[in-house]
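This briefing sets out selected features of a structure, grouped by topic. Please read it alongside the sequence and coordinates shown below.

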Amino acid sequence: MGNPKRLLLLGGTTEASELAGRLASDPRFDVVLSLAGRTASPKLPPVAYRIGGFGGVDGLADWLVRESMDCVVDATHPFAARMSANAAAATWRLGVPLLTVIRPPWTAVDGDRWQIVPDIAGAVSALGPTPRRVWLTIGGNELAAFRAAPWHRYLVRAVDRPPADAIPPGAEILLARGPFDLAAERQLIATHRVEVLVTKNSGGSATAAKLAAAREAGLPVVMVARPEKASGETVADVSAALAWLDHFLIGRQ
Ligand code: NAP
């Protein structure tokens with residue numbers, strides 16, 4: 001066996017953590033997981049890791065050269081479009097292979113009452129002028145946009161407490177990290193008398209139960225569509241990513 005392949009894994013998702021776990025014991029790979037540093041106490045991986053931005057495309061390209069990386073696996077969240085664009089540009093410039101792992105989006109099924117909006121501003125407008133009890137599951141980054149509609153009563157579920165100046169007036173904050181099950185989501189809707197759910201179309205199973213619970217309760221859902229994401233070769237899950245690495249990175253030596 002030759003030298004292990006040096007691999008930068010861009011993370012912040014369940015898929016990235018799982019991939020790190022699977023690659024940790026594979027001597028053919030030498031993995032560095034990268035996290036943005038948004039979460040106060042991230043789950044630390046069983047591989048080498050680094051935390052914080054690279055400094056745009058140039059910073060990332062420099063880092064890839066300095067660290068002699070053979071490949072980049074972009075397993076960032078479907079809404080992390082800037083990091084993916086930077087990864088696409090830096091790897092293109094250097095001729096380093098890029099694999100993108102992106103889980104399929106959720107799709108509406110019978111009984112769903114989704115209103116699809118293009119972005120968070122669209123979600124704020126979709127809530128309308130009449131006060132409603134709104135459950136927000138959009139993370140902390142873009143929460144401040146809802147301060148423009150202070151007549152609603154917000155329940156915000158997030159992993160970390162959002163900064164005080166991002167929180168809509170009177171909002172209740174519920175700190176929790178998925179996965180969430182259907183019984184708990186049903187209970188939450190009932191306890192907080194939720195009238196509408198706002199979510200991003202993240203996809204995946206860890207946070208999908210809220211959609212089933214909303215369907216059962218007949219609740220409308222404001223669904224923020226995914227941004228366009230620059231990508232390399234694309235796969236939908238961890239097994240396909242492992243197969244790709246095996247075939248294209250190791251197999252072509
Ligand atoms: P973003 O808008 O695409 O990225 C903004 C900047 O943050 C990037 O330009 C980069 O800074 C830095 N960055 C992002 N991901 C990074 C990573 N894995 N390692 C090092 N630097 C990173 O991303 P975002 O939407 O703020 O998301 C930040 C992180 O949270 C991502 O890792 C993502 O996977 C995770 N996450 C996001 C969401 C979401 O809804 N957006 C949900 C769950 C998890 P430089 O330009 O300085 O390199």
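**Helix packing and ligand surroundings**

Helices α2 and α3 are oblique to each other, and therefore neither roughly parallel nor roughly perpendicular. The model is predicted.

**Helix pairs**

- The axes of α2 and α3 approach within 9 Å and cross at roughly 55 degrees.
- The handedness of the crossing between α2 and α3 is right-handed.
- Helix α5, residues 182-191, and helix α6, residues 209-217, have axes that come within 8 Å and cross at roughly 50 degrees. Because of that angle, α5 is oblique to α6.
- α5 and α6 make a right-handed crossing.
- Helix α1, formed by residues 14-24, packs against helix α7, formed by residues 238-250, at an angle of about 45 degrees, and their axes are 10 Å apart. The relation of α1 to α7 is therefore also described as oblique.
- Where α1 passes α7, the crossing is right-handed.

**Shell around the ligand**

- The ligand is surrounded by 22 residues, and the closest are Gly11, Ser34, Phe54, Met83 and Lys200.
- By class, this shell contains seven nonpolar, eleven polar and four charged residues.
- Strand β2 (29-35) and helix α3 (81-94) each contribute at least two residues to the shell. Helix α3 provides its largest share, namely four residues.

**Polar contacts and burial of the ligand**

- In the side chain of Ser34, an N or O atom is 2.7 Å from a nitrogen atom of the ligand.
- A nitrogen atom of the ligand is also found 3.5 Å from a backbone N or O atom of Gly52.
- At Met83, a polar backbone atom is 2.8 Å from an oxygen atom of the ligand.
- The ligand taken alone exposes 810 Å², of which the protein buries 79%.

**Local backbone features**

- The peptide bond that joins Gly178 and Pro179 is cis, with omega at about 0 degrees. Pro179 belongs to the loop between β9 (172-175) and α5.
- Ser68 is a residue other than glycine with a positive phi, near 50 degrees. Ser68 is placed in the loop between α2 (56-66) and β4 (71-74).

Methods
Residues are numbered from 1 along each chain as its sequence is written. This is a predicted model: local features need pLDDT of at least 70, side-chain atom pairs count only at pLDDT 80 or more; totals for chains, interfaces and linings use all residues. Side-chain values use heavy atoms; hydrogens and water are left out. A residue is near a molecule or strand if one of its heavy atoms lies within 4 Å of it. A polar contact is a pair of N or O atoms within 3.5 Å; within protein, one must be able to donate a hydrogen and the other to accept it, and residues adjacent in sequence count only if both atoms are side-chain atoms. Accessible areas come from the Shrake-Rupley method with a 1.4 Å probe; for residues, only the protein chains shown count as cover. Ala, Val, Leu, Ile, Met, Phe, Trp, Tyr, Cys and Pro count as nonpolar, Asp, Glu, Lys and Arg as charged, and the others, Gly among them, as polar. Axes are lines fitted to C-alpha atoms, for helices over the stretch in contact, and angles run from 0 to 180 degrees between N-to-C directions. Angles under 35 degrees count as roughly parallel, over 145 as roughly antiparallel, 65 to 115 as roughly perpendicular and the rest as oblique. A crossing is left-handed if the near helix is turned anticlockwise from the far one by less than a right angle, and right-handed if clockwise.
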